[in-house]
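The following questions and answers concern a predicted model.

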Amino acid sequence: MRQLSRGRLDGLAADDVAVRTCLMVSHRQLDGAQRRLFRRIGLLGSAEFPGWVAAALLDEDAAVADRLLGDLVEAHLLEPSGRGRTGPRYRMHDLIHLLAGELAAQEAARTREAALDRVLDGWLDLAATADDALPHWYGLDPEPAPRYRAPAEARRAAAADPMAWFDDEAYLLGVAVRQAARHGLARVAWPLAQRLSTYLDLRGRYEEWGVALRAGLGAARAAGDAPGVACMLGLLVDVEAAQDRIDTAMVYAEQALRAYRELPPGHRYAPPEPPPAPARRHPVVAELEGELARARERGDPLDTGWAAYRLALARRAEGLHGGYEALFEEAADAFLACGAHLSALWALKNSGLARLKRGRLEEAARCLGRGYRAAGNLRHGTSTYTAGDIALVYAAQGRFAEAEGLAREALERARAQGNLWSAGKALDTLGELRRARGDHEGALAARRDALAAWRRLGVPDRIEHTLCALRALTAQGSGERP
């Protein structure tokens, strides 16, 4: 719950604004049900919320909650804030929200806790509903079921367009994870962080992802929830590896392996991976399966690894569940054979996590060992990325057209997914490839676009890396400043 400040309201009244007096006059004109909703909105971690939240706060059906929301709008204590996938949204002015929180504190503690629990369980219910429609690299850990179900209409909306629903609600979902953690609700905090993971990965929102996972981890540790600790540590491997923080990812991998090994019987195994969907219904997937078969026939490890990598990405883009683990294995072997060590780490990370989540712990340990060996071949602080690593290996073989085509494809995919992080890395790779083949102006343009992406994301080490590359290009003779 947000920190409330009675002094802030009192201070405004002392300045003759008389905010408290006006608000209390409006509040006294409400009936009992209207007052109950008003003060319980003060329990929320955000002053903006979708309409279904009111039903959860009151434990009433949607029709009753909608009528009371309309009453608060008419009383000028609440204002409409557009419409999302699950229906109308509302916003309470920050100062009114403070007063509502003060009044909520006067309710019995058990009543407050029950109301907030319903809201947080509702967020978990909707996030699970949306996330179930998204593909996962390696499946989900078993998690506690939400104790409150969101209204059926909201659940249908979340399932109908899951990425758009997550786009609408990502901020409030992050608030809900942190609020659940602060209130000791590990049974909501870590499952909700798990359910956010695929969306945040696809969008490249790694900072938010890390914040959610660490909040979930803290809650699980405080509650002695061993399955939650293991799940959060495994996903932290993912978020750190996605940002090329290899050393940190390997530390989390060791901790995750230990945590999964220590799980009590009955908590160690996730549900089996769903069978792959038939490729014939997905032409892009079928085409890439053909490319992989041809690369195998040629015996070209770089082409084989790249084809397996692209096929995994295509399956995910098509929303297909299952069929990833064999691709990770094949890609890892191929990348190690041709020196694409960062790409091998990507494949080994996913393969290792899949094994962890299915209780195949010795196999996961072998993946971790191979990962250490691959990491040993990387220069410290590398700023390349998986597809970029493959492109640079192509370039080292003199296959510049293939290398640049790969980087452009990665850039297009990142932009289509709204993944600014991956777009920045693809642009850095394009800049390096163009510099290597003597396209000075093209290299400058790519690096400047990359710099703009890193500045939007606010990532200091990436900004500095790209600035250094721009300075080096400038020193070659263009005379321009980055």
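Q: Is aspartate 244 buried or exposed?
A: A residue counts as buried under 20% relative accessible area. Aspartate 244 has a relative accessible area of 10%, so aspartate 244 is buried.

Q: What is the phi of aspartate 244?
A: Aspartate 244 is a residue other than glycine, and its phi has a positive value. That phi is near 65°.

Q: Where is aspartate 59 found, and what is its phi?
A: Aspartate 59 is found in the loop between α4 (52-58) and α5 (62-74). Phi is positive here in a residue other than glycine, with a value near 55°.

Q: How are helices α10 and α12 oriented to each other?
A: The axes of α10 (residues 186-203) and α12 (residues 226-242) come within 10 Å and cross at roughly 30°. The crossing of α10 past α12 is left-handed. Angles under 35 degrees count as roughly parallel. The two helices, α10 and α12, are therefore roughly parallel.

Q: Which residues of α12 meet α10, and how many residues of the contact are charged?
A: From α10, the residues Trp190, Ala193, Gln194 and Ser197 take part. They meet Pro227, Gly228, Cys231, Met232 and Leu235 in α12. By class, this contact of α10 with α12 has six nonpolar residues, three polar and no charged.

Q: How are α15 and α16 oriented to each other?
A: The axes of helix α15 (residues 301-317) and α16 come within 8 Å and cross at roughly 150°. α15 passes α16 in a left-handed crossing. Angles over 145 degrees count as roughly antiparallel. Helices α15 and α16 are therefore roughly antiparallel.

Q: How many nonpolar residues does the contact of α15 with α16 have?
A: On the α15 side, the residues include Trp306, Tyr309 and Arg315, and on the α16 side they include Phe328, Glu330 and Phe335. Two residues of this contact are polar and two are charged, while the number of nonpolar residues is 14.

Q: What parts of the chain does the pair of tryptophan 137 and phenylalanine 328 tie together?
A: The structure holds 15 aromatic pairs. In one of them, tryptophan 137 and phenylalanine 328 are edge-to-face, 5.6 Å centre to centre with 65° between the planes. Both residues, tryptophan 137 and phenylalanine 328, are buried. Tryptophan 137 lies in the loop between α7 (109-131) and α8 (152-160) and phenylalanine 328 in α16 (residues 325-338), so the pair ties together parts 191 residues apart in sequence.

Q: Which residues form one aromatic cluster with Trp137 and Phe328?
A: The cluster brings together tryptophan, tyrosine and phenylalanine residues. Besides Trp137 and Phe328, its members are Trp306, Tyr309, Tyr324 and Trp346.

Q: What is the relative accessible area of tryptophan 454?
A: Tryptophan 421 in α21 (residues 420-436) pairs with tryptophan 454 in α22 (residues 440-457), 33 residues apart. Tryptophan 421 is buried, with a relative accessible area of 6%. Tryptophan 454 is also buried, and its relative accessible area is 0%.

Q: Which residues does proline 162 touch, not counting residues up to four places away in sequence?
A: Proline 162 is in helix α9 (residues 162-182) and is buried, with a relative accessible area of 11%. Its C-alpha atom is separated by 6.7 Å from that of alanine 133, 29 residues apart along the chain. The residues touched by proline 162 are Ala130, Ala133 and Leu134.

Conventions: Residues numbered from 1 in each chain as written. Predicted model: local features only at pLDDT ≥ 70, side-chain atom pairs only at ≥ 80, totals over all residues. Heavy atoms only, no water. Axes fitted to C-alpha atoms, helices over the stretch in contact; angles between N-to-C directions. Helix = DSSP H or I, 4+ residues; strand = E, 2+ residues; numbered from the N terminus. Parallel < 35°, antiparallel > 145°, perpendicular 65-115°, else oblique. Left-handed = near helix turned anticlockwise from the far one by under 90°. Contact = heavy atoms within 4.5 Å. Nonpolar A, V, L, I, M, F, W, Y, C, P; charged D, E, K, R; others polar. Phe/Tyr/Trp six-rings, centres within 6.5 Å; stacked < 30°, edge-to-face > 60°. Buried < 20%, exposed > 50% of the residue type's maximum accessible area, 1.4 Å probe, protein only.
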